[in-house]
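Let's take a walk through this fold, starting with its sheets and then moving on to the spaces inside. Keep the viewer open as you read.

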Amino acid sequence: MVLAHPSGMISEREPGGAMTSSTQAVVVDTSASPNVRLRPVPATAVTLENGFWGPRVATNASLTIEHQYRQLENEGMFEKLRLAADPAFRAQREGFAGEGRLYKWLEAASVSLAIDNHAGIEGMVEEAIALLEPVQSDDGYIGLTYPSGVSDLRWSNLDFGHELFAAGHLIQAGIANRRALGNQRLFDIAVGVADHIVGRFASNGDGGRPGHPEIEMALVEMYRETRDERYLDTARLFIDRAGGRDMRVLRGHAVKATYFACGMADLYAEIGDPEYLTALESLWRSMVATNMYVTGALGGRVRSESIGREFELPHEGAYAETCAAIGSMMWNWRMLTIRPEARFGDMIELCLYNSILAGVSLEGDSFFYDNPHSRFGRNSVSPWNERDRHASRGPRARQPWFNDRVACCPPNLARVLAQLPGYMYTTSDEGLWVHLYDAVRLKCQLTSGADVSISQTTRYPWDGDVELAVSTGSNETFSLFLRIPGWCASAVVTVNGIPVDQRVAPGTYLEIRRTWGRSSTVRLHIDMRPRLLEANPMLSEARGSVALARGPLGGSP
């Protein structure tokens with residue numbers, strides 16, 4: 001049976017229920033989600049040129065991913081898998097499910113390979129999959145937390161064992177690997193894990209829930225890939241057991257909070273329960289109004305890696321974990337597909353340029369885990385003491401890896417950069433949406449079936465001039481939506497040299513609806529004058545201070 005997605009992408013269901021997908025490295029597959037307005041454009045439809053993001057994504061593909069593989073090898077990850085496959089080995093191998101970093105790496109490498117097949121990376125992916133296959137138990141369980149054959153210890157420490165967290169990343173890696181490369185081996189492992197979790201926590205009525213959210217996103221995405229409603233139902237169980245629909249204020253571990261919100265947004269996209277959307281909106285406003293650094297970073301408390309009281313945002317002692325900024329970006333992406341409002345696109349841009357990109361060096365081989373926002377050359381004696389075990393050791397410099405901690409941030413960064421082309425555009429019934437500006441080319445098909453190509457020429461973010469050359473196979477009527485950033489004072493848009501006959505309002509998506517000829521030129525000029533951002537007076541550490549920003553760099557009000 002062939003299933004046609006609204007995006008025009010095709011999936012085939014094979015005998016026995018398996019589905020082969022041709023979605024080709026989408027961020028999340030909302031192509032058939034009933035409660036979203038925006039549909040994904042595959043990362044493979046977007047070509048980054050020599051602008052701002054192109055060189056950084058190229059470095060990620062050509063250097064960062066291999067560097068991280070070598071670090072995983074050096075820390076003993078692959079040796080642990082070899083030992084786990086030996087039925088005679090009984091010693092505990094991991095204090096908790098740190099193998100999640102390998103699964104994030106697999107997702108990053110798979111998506112990157114779909115765009116640019118760098119020599120050697122495919123072999124690394126295949127080697128990792130080959131090591132995972134014999135580790136999986138007959139019942140689908142896989143993990144390094146507990147010795148093989150000691151099934152009574154599995155899932156016994158949901159709060160801190162993080163088995164469900166790692167399983168979620170494995171499921172996402174399996175889906176990404178099949179979508180991007182058409183491979184089945186890792187996906188088959190992922191299905192086994194997902195089925196085991198359904199049987200353990202849903203089918204048998206177990207009351208447990210994850211200590212670290214991630215599995216919720218993965219189960220919804222597995223539902224999207226297979227249309228098996230057991231996965232969707234289990235994700236809903238986890239979210240309801242955590243009281244998701246009643247949440248109103250964002251608190252707690254910053255990565256956990258944002259990942260949970262991502263999962264709840266994914267769930268809403270499929271089932272449309274308005275209570276989830278009410279909670280998500282309240283949580284988002286809570287985050288932006290009272291708990292977010294000017295850079296988009298989250299989490300001021302080092303000791304608990306968490307979001308504290310309202311306006312508790314220390315600078316030198318900031319935790320501001322890279323993964324929390326990534327979690328915020330992923331959450332805003334999901335909110336954008338549900339409600340295509342510029343505030344969500346602005347937040348994606350804010351995090352990408354400021355709190356995410358800071359986590360990796362220009363060379364692509366060193367990383368920040370936590371990101372303090374100031375440094376005075378000495379340890380501060382405060383509730384956020386830098387010597388806390390959660391903070392990075394030594395001088396504030398990026399590190400090649402984090403062997404004294406779980407190196408969760410580096411592969412997460414690699415994953416984001418590999419997927420970045422998929423964040424730039426979406427489609428809807430009305431037409432095509434432009435979310436991020438860069439020197440980039442797009443070739444895609446609209447939901448109407450029309451073929452469209454767009455070539456962006458710009459030096460953004462260094463200046464605010466963007467030219468979009470729009471090409472169609474024939475005269476086509478559709479809307480082109482341009483994000484007009486909320487931070488700009490003004491913007492001007494022309495089509496073929498003629499100003500658009502509508503107000504170009506900052507903080508909106510400008511809809512240009514017309515019959516497009518075979519070739520049209522849209523020019524966008526965004527006011528890039530520097531601006532001073534005044535700290536909220538409730539923020540004691542920054543009271544009376546200002547931050548300097550220009551365009552998307554430096555922060556956003």
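Start where strand 5 and strand 10 (residues 440-445) pair in the antiparallel sense, joined by three bridges. Within that pairing, Thr47 has Arg441 in strand 10 as its bridge partner. A quick word on terms: helices (H or I, at least four residues) and strands (E, at least two) are DSSP runs numbered from the N terminus, and two strands pair if DSSP finds at least two bridges between them. Bear in mind that this is a predicted model, where local features need pLDDT of at least 70 and side-chain atom pairs count only at pLDDT 80 or more, while totals for chains, interfaces and linings use all residues. Residues are numbered from 1 along each chain as its sequence is written, and side-chain values use heavy atoms, with hydrogens and water left out.

Now zoom out to the sheet around that pair. It is an open one of seven strands, in the order 5-10-11-12-17-14-15, with antiparallel pairing. Strand 5 (46-48) and strand 15 (498-499) are its edge strands, each pairing on one side only. While you're here, look at the loop between strand 11 (451-458) and strand 12 (465-472), which is the place of Pro461. The peptide bond running from Tyr460 to Pro461 is cis, with omega near 10°.

There is another open sheet to find, made of five strands in the order 4-8-9-13-16, and its pairing is mixed. Strand 4 (39-40) and strand 16 (508-516) stand at the edges with a single partner strand each, so one side of each has no neighbour in the sheet. Further in, strand 9 (residues 431-434) and strand 13 (residues 476-484) run parallel and are joined by four bridges; Gly431 has Ser479 in strand 13 as its bridge partner. Lying across strand 13 and strand 16 is helix 12 (residues 342-356), at about 60° to strand 13. That angle is taken between N-to-C directions on a scale from 0 to 180 degrees, using axes fitted to C-alpha atoms, for helices over the stretch in contact, with contact meaning heavy atoms within 4.5 Å.

A cavity here is a set of points on a 1 Å grid over the protein atoms alone where a 1.4 Å probe fits but cannot get out, and lining residues have an atom within 4 Å of a point. Points are joined across faces, edges and corners, and a volume is the space filled by probe spheres set on them. The largest cavity holds about 180 Å³. It is lined by 17 residues, with Val26, Val27, Glu107, Gln172 and Gln419 the closest to its centre. Helix 5 gives the largest share of that lining, four residues.

The second largest cavity has a volume of about 80 Å³. Of its 14 lining residues, Tyr141, Ile142, Gly143, Glu163 and Ala167 lie nearest the centre. Helix 5 again supplies the largest share, four residues, and helix 6 (185-203) supplies at least two.

One last stop: Glu305, in the loop between helix 10 (274-290) and strand 7 (306-307). Glu305 has a positive phi of about 55°, although it is not a glycine.

Conventions:
1 Å grid on protein atoms, 1.4 Å probe; cavity = no way out; pocket = protein on both sides within 12 Å on 5 of 7 lines; lining within 4 Å.
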